[in-house]
Amino acid sequence: MIPVLAFVQHYKKFYTSQFESAAVRHGLNQLEIDILLFLHNNPGRDTAKDICTYRHLKPALVSLYVENLVQSGYLVRETDAHDRRKCRLKLTAQAIPVAQDGVACQDQFTKELFHGLSAEELAAWQRGLSVFQSNIERLNERGKKIHE
């Protein structure tokens, strides 16, 4: 289990380090860039609730940073045409260069992460992750804890 935990920690640290220069260039912090990238990379998943659900972030934190991004001109809020209770978050023209810069950072990160893996090894790794995800979802649905 220790190698998995170490991998997760190193992954997070390396991933975050890839965005440091972009954050400085755009005057944003990592979470603000993460929010903009999430919205850019996931069309149709454009509510604060979506960000919380898929990025596993606390609603109060997302609310604070979304408000900062709205006030700074990177996001606008739009009322959903079918459900007026929902608020859709849309990137502004000002956010596009940040998102493009972020995607370039993600691409470089992925290239570095997968360096040295053959197509077959990468496919096997992706299949393994898919099984892990399915197992986690199954356990979460049952509300089961592993140590019970």
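Figure 1. The protein has seven helices and two strands. Helices are DSSP runs of H or I with at least four residues, strands are runs of E with at least two, and both are numbered from the N terminus. From the N terminus on, the order is α-α-α-α-α-β-β-α-α. The model is predicted, so local features need pLDDT of at least 70 and side-chain atom pairs count only at pLDDT 80 or more, while totals for chains, interfaces and linings use all residues. Residues are numbered from 1 along each chain as its sequence is written, and side-chain values use heavy atoms, with hydrogens and water left out. The C-alpha trace spans about 45 × 40 × 25 Å along its principal axes.

Figure 2. The accessible surface of the protein comes to about 10,400 Å². Carbon and sulfur atoms hold 57% of that surface. Areas come from the Shrake-Rupley method with a 1.4 Å probe, and for residues only the protein chains shown count as cover. Of the 148 residues, 27% are buried. Buried means under 20% relative accessible area, exposed means over 50%, and partly exposed is in between (1.4 Å probe, protein chains only). The protein carries 19 positive and 17 negative side chains. Lys and Arg count as positive, Asp and Glu as negative; His and the chain ends are not counted. The centres of the two sets lie 6 Å apart. Each charge is placed at NZ of Lys, CZ of Arg, CG of Asp or CD of Glu.

**Figure 3. The largest nonpolar core.** This core has 25 residues. A nonpolar core is a set of buried Ala, Val, Leu, Ile, Met, Phe, Trp, Tyr and Cys residues joined through side-chain atoms within 4.5 Å. I33, I35 and L36 touch the most other members. Helices α2 (20-26), α3 (30-41), α4 (48-55), α5 (59-71) and α6 each supply at least two residues of the core. The largest share, seven residues, comes from α3. Now look at I35. Beyond its neighbours within four places in sequence, I35 is in contact with I51, Y65, V66, L69 and L75. Contact means heavy atoms within 4.5 Å. Across the protein, take the contacts with a separation of 6 or more: residues 24 or more positions apart account for 50% of them.

**Figure 4. Helix α4 and the residue just after it.** The buried residues of α4 are D50, I51 and C52. They pack against α3, α5 and β2. Just after α4, H56 takes a positive phi of about 55 degrees. H56 is not a glycine. It lies in the loop between α4 and α5. H56 counts as exposed because its relative accessibility is 69%.

**Figure 5. Cysteines without a disulfide.** A search of the whole structure finds zero disulfides. A disulfide is a pair of cysteine sulfur atoms within 2.5 Å. For C52, the nearest cysteine sulfur is that of C87, 13 Å away. C52 has a relative accessible area of 14%, so it is buried. C105 is buried as well, because its relative accessible area is 11%.

**Figure 6. T92 in its loop.** T92 sits in the loop between β2 (87-91) and α6 (96-113). Is T92 buried or exposed? Its relative accessibility is 15%, so T92 counts as buried. Which residues does T92 contact, leaving aside its neighbours within four places in sequence? They are G73, Y74, L75 and V76.

Figure 7. P97 lies in helix α6. P97 is partly exposed because its relative accessible area is 41%. P97 and H26 are 71 residues apart in sequence, and their C-alpha atoms are 9.0 Å apart in space. E112 is also found in helix α6. E112 has a relative accessible area of 43%, so it is partly exposed. E112 and N68 are 44 residues apart in sequence, with 32 Å from C-alpha to C-alpha.

**Figure 8. G27 between two helices.** G27 lies in the loop between α2 and α3. With 62% relative accessibility, G27 counts as exposed. How many residues separate G27 and D46 along the chain? They are 19 residues apart, and their C-alpha atoms are separated by 23 Å.
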